[in-house]
Amino acid sequence: MNKPLFLRIVDRLTAEDPYFRQRRDATGRLGLSPIQKCTAAIRLLAYGGGCDTVDEYVRLGETTARKCLQHFVSGVVNFFGDEYLRRPTPEDLQRLLYVAEERGFPGMVGSIDCMHWVWKNCPTAWKGMYTRGSGKPTIVLEAVASYDLWIWHAFFGSPGTFNDINVLDRSPVFDDILYGQAPQVTYYVNGREYNLTYYLTDGIYPKWPTFIQSIPLPQTPKASLFADRQESYRKDVERAFGVLQARFAVIKNPCLLWDKDQVGLIMRACIILHNMIVENERDGYSQADVSDFPQAEGVDLSYSINMNSNISNVLNGQIIIRDREVHDQLKLDLVEHLWTKFGY
């Protein structure tokens, strides 16, 4: 991240968390500065080493560096989480749908997939639950990412023995739809009206109207074009995982912590910091022109509940998001729409 963004984080943590404020010891000598403490935490996240790797660079002891990391990730999650790990606002949704239309997938709001983080120091009693075929315990992260690599949804903590379907059964990714809190959306594909946005996925996900998979063995030019475009744009979430691991080696390397709650805080903090960097830099690398849409400053973070969240409506919502006929029709319409828009 660049210096102004780092200093903005330091200033917010210093104002909100007394631990980061510089104090005098019993002899009247000034202690560690906020920049020293935040730099130590950032280096531990970025390089993924032990807590004793920053003792020479920022002149901190191992125990102090560990405490800095704990306070830093907690502060980032508590003070920046509501803004940088949120569901899309209506303004965000309008921008995402505009870009999706330009790419040939009206109604698409991102791609969804799972990533495994190796848990080296998993407690022995839990190893059977967290270990899959590779022989190493892992924790699963389910994420939704958009074209600019912003991560809109992160569900972390499922055991490594789960596949994508098991994680989806536990995930709150569709809670907004089930409880009537999702913004109302209407779009047209090949002349038909649809009201549910969808994600691009790989083949393991179920055939629901909210998931669009590729065509495994395309036999026609239309199917081949659809498969090429879908598999290309589905890589947004894979790119987001790659960038997240490249920025924060602590996620790329096996996790050295014992406490699962602390592991979850580190993952959430890294995702929030990743989104802050994306917001700060995406105008320089995004190819889509979204200058007409509002950015994070000034967006409305409030939501109106348009449907009573009783059990009948929740069950009806589950039926709607699992309708196989709507999925098949939407996929056929997308094939035709893509051929009309990009066919040779």
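**Notebook: a hairpin, a lysine and the cysteines**

I began with strand β2 (residues 138-145), which pairs with β3 in the antiparallel sense over seven bridges; strands here are DSSP runs of E, at least two residues, and helices are runs of H or I, at least four, numbered from the N terminus. Two strands pair if DSSP finds at least two bridges between them. This is a predicted model, where local features need pLDDT of at least 70 and side-chain atom pairs pLDDT 80 or more, while totals for chains, interfaces and linings use all residues. Residues are numbered from 1 along each chain, and side-chain values use heavy atoms, without hydrogens and water.

I found Val144 opposite His153 in β3. The two strands form a hairpin with five residues between them, and Leu149 in the turn has a positive phi of about 75°. In β3 (residues 151-159), eight of the nine residues are buried (under 20% relative accessible area, 1.4 Å probe, protein chains only).

Next I looked up Lys37, in helix α2 (residues 34-47). Lys37 is buried and has no salt bridge, with Asp17, the nearest side chain of opposite charge, 8.5 Å away; a salt bridge needs a side-chain nitrogen of Lys or Arg within 4 Å of a carboxyl oxygen of Asp or Glu. A polar atom of the Lys37 side chain does lie 2.6 Å from the backbone oxygen of Tyr19.

Last, which cysteine sulfur is closest to that of Cys68? It is that of Cys38, 8.0 Å away and too far for a bond, since a disulfide requires sulfur atoms within 2.5 Å. I also noted that Cys68 is buried, at 0% relative accessible area. My search of the whole structure found zero disulfides.

Notes. Buried < 20%, exposed > 50% of the residue type's maximum accessible area, 1.4 Å probe, protein only. Lys, Arg positive; Asp, Glu negative; His and termini not counted. Polar contact = N/O pair within 3.5 Å; in protein donor to acceptor, adjacent residues only side chain to side chain.
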